[in-house]
Amino acid sequence: MAEISDFADARDQADDAVHPFWFIPTHGDGRKLGVAEGARPTEFSYLAQVAQAADRLGYEGVLIPTGRNCEDAWVVASSLATLTRRLKFLVALRPGVSSPLATARQAATLDRISEGRLLLNVVAGGDSTDLAGDGVFLDHDQRYALTDEYLTVWQRLMNGEKVNFEGKYIRAEGAQLLFPPVQEGGPRLFIGGSSDAAIDVTAKHIDTWLTWGEPPAQVAEKVAEVRAKAAAQGRKVRFGIRLQVLVRETEEEAWRDAEKLIEDLDDNVIAAIQKRLAASESVAQQRIVALHGGRRDKLLISPNLWAGIGLVRGGAGTALVGSGENVAARIREYRALGIEYFVLSGYPHLEEAYRFAEHVFPLLNIAGVKKPEVKVKPGRAGEAGEHFRAGGHAHSGPS
Ligand SMILES: Cc1cc2nc3c(=O)[nH]c(=O)nc-3n(C[C@H](O)[C@H](O)[C@H](O)COP(=O)(O)O)c2cc1C
């Protein structure tokens, strides 16, 4: 288990420091794919157990996804923030679904409530049907064009400016955050997306670029591309990877459990899901599907990297499978490519959070999980609101 030490900052800066994140399964969990037996509903008390386990085990944060098959990421993060002490919340943010002005206020409030533990994962979206269900009818590149405007306004608000903006998709007049976020400049921005449009947005606005769990050689190519585009903008970007994990005491045990996880999957279900995933508009998703083509005999795509979960799951479909020593070695390989953030999960999420932390954390230089120093600044309107100040005006705000 990671220790919270006074040396956390120095360790964070070491060039082998790993920032481990876990995942909150807001679209359900279970111990076997494709069967109802052992499935766990998304009850809040269970999500709280997963978050509290991640908090005490020393994960730096948790990713909370967005999509119509998920519980709402913001509401879940707000509730979990009050039940955890150090854990950061990497909350999915979907430009296009809501105004950047109102969402920036929501983010600043959540940053204040969580005492500086909010991070944001910008999700432009890769599934038109899913997006249409949320009222977004833009095509792939239009969504990124909107995201570019959204983040331009967002960053100005987070920097304390009063914003007037007239773009193609976004308009603001006198927008301002009266209650600033705890973190200087606002919560750090992450993004997942491998298209040219995603990388352009990353180069301009994003702190950390995330990839799905591709083999190291493919990851290295993308890292070089993102780095070069960011450098052309005079910026530096950090990197992260999203992987499933299945770690056991021995290789044999791990591979046996990996096979068990998918043994009840129906071939017709696999074929139907693969057809849908192959037609995805998301370049990141297309790259993952291309690695195995949905074939059960092609699931080992690189040493200890297994695509079994991707037979029926979009997105994070690849897993590091093996003994603690071997999985730690694979993580060090990614780390050497510049990957610092490891956003992990496994089925079931509670048990696998423990297994990974117990088997692998002691073998890595886990970045410190020190709670950020908190400086909650007073809001410009005054913490208690003008109507409580002596000599203040009559209350004219919202009732
Ligand atoms: C690590 C990671 C997490 C993601 N999380 C979500 C999510 O929660 N919801 C969602 O709809 N898309 C999610 N995506 C998809 C991307 O945000 C993006 O919309 C999609 O890949 C399309 O972009 P692309 O064509 O540039 O790859 C995620 C992608 C990555 C790599």
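Helices (H or I, at least four residues) and strands (E, at least two) are taken here as DSSP runs, numbered from the N terminus. Under that convention, the protein chain has 13 helices and 14 strands.

This is a predicted model, in which local features need pLDDT of at least 70 and side-chain atom pairs count only at pLDDT 80 or more, whereas totals for chains, interfaces and linings use all residues. Residues are numbered from 1 along each chain as its sequence is written, and side-chain values use heavy atoms, with hydrogens and water left out.

**The whole chain**

Start with the protein chain shown as a surface: its accessible surface comes to about 17800 Å², of which 50% belongs to carbon and sulfur atoms. Accessible areas come from the Shrake-Rupley method with a 1.4 Å probe, and for residues only the protein chains shown count as cover. If you then colour by burial (buried means under 20% relative accessible area, exposed over 50%, partly exposed in between, with a 1.4 Å probe and protein chains only), buried residues make up 53% of the 399 residues in the protein chain. Turning to contacts, which means heavy atoms within 4.5 Å, 75% of those between residues at least 6 apart in sequence join residues at least 24 apart.

**The ligand and its shell**

A polar backbone atom of Thr-66 is 2.8 Å from a nitrogen atom of the ligand, and a polar backbone atom of Ser-194 is 2.9 Å from an oxygen atom of the ligand. Taken alone, the ligand exposes 630 Å², and the protein buries 92% of that.

**Helix α11**

Keep α11 in view and display its buried residues, which are Ala-284, Gln-285, Ile-288, Val-289, Leu-291 and His-292. They lie on the same side of α11 because they cover an arc of only 150 degrees around the axis, the arc being that of the directions from the helix axis to the C-beta atoms. Their cover includes β8, α8 (216–232), α10 (267–278) and β10 (300–302). At the start of α11, a side-chain oxygen of Ser-282 reaches to within 3.3 Å of the backbone nitrogen of Ala-284, and α11 is followed by Gly-293, whose phi is positive, near 60 degrees.

**Arg-143 in α6**

Move to helix α6 and pick Arg-143, which counts as buried at 2% relative accessibility. Leaving aside neighbours within four places in sequence, the contacts of Arg-143 include Gly-125, Asp-127, Leu-138 and Glu-281.

**Helix α7**

Now select α7 (residues 196–205), a mostly covered helix in which 7 of its 10 residues are buried. The buried residues of α7 pack against α6, β7, β8 and α8.

**Arg-188**

Arg-188 has its place in the loop between β6 (171–175) and β7 (189–192), and at 36% relative accessibility Arg-188 counts as partly exposed. The side chain of Arg-188 reaches the backbone oxygen of Gly-186 at 2.8 Å, while the backbone oxygen of Glu-184 lies 3.3 Å from a polar atom of that side chain. Not counting residues up to four places away in sequence, Arg-188 touches Leu-118, Leu-119, Leu-120, Gln-183 and Asp-207.

**Val-247 in β9**

Finish at strand β9 (residues 238–248), where Val-247 is found; Val-247 is buried, with a relative accessible area of 1%. The C-alpha atoms of Val-247 and Arg-355 are separated by 6.6 Å, although the two are 108 residues apart along the chain. Beyond neighbours within four places in sequence, the residues in contact with Val-247 include Gly-322, Val-327, Arg-355, Phe-356 and His-359.

Notes: Polar contact = N/O pair within 3.5 Å; in protein donor to acceptor, adjacent residues only side chain to side chain.
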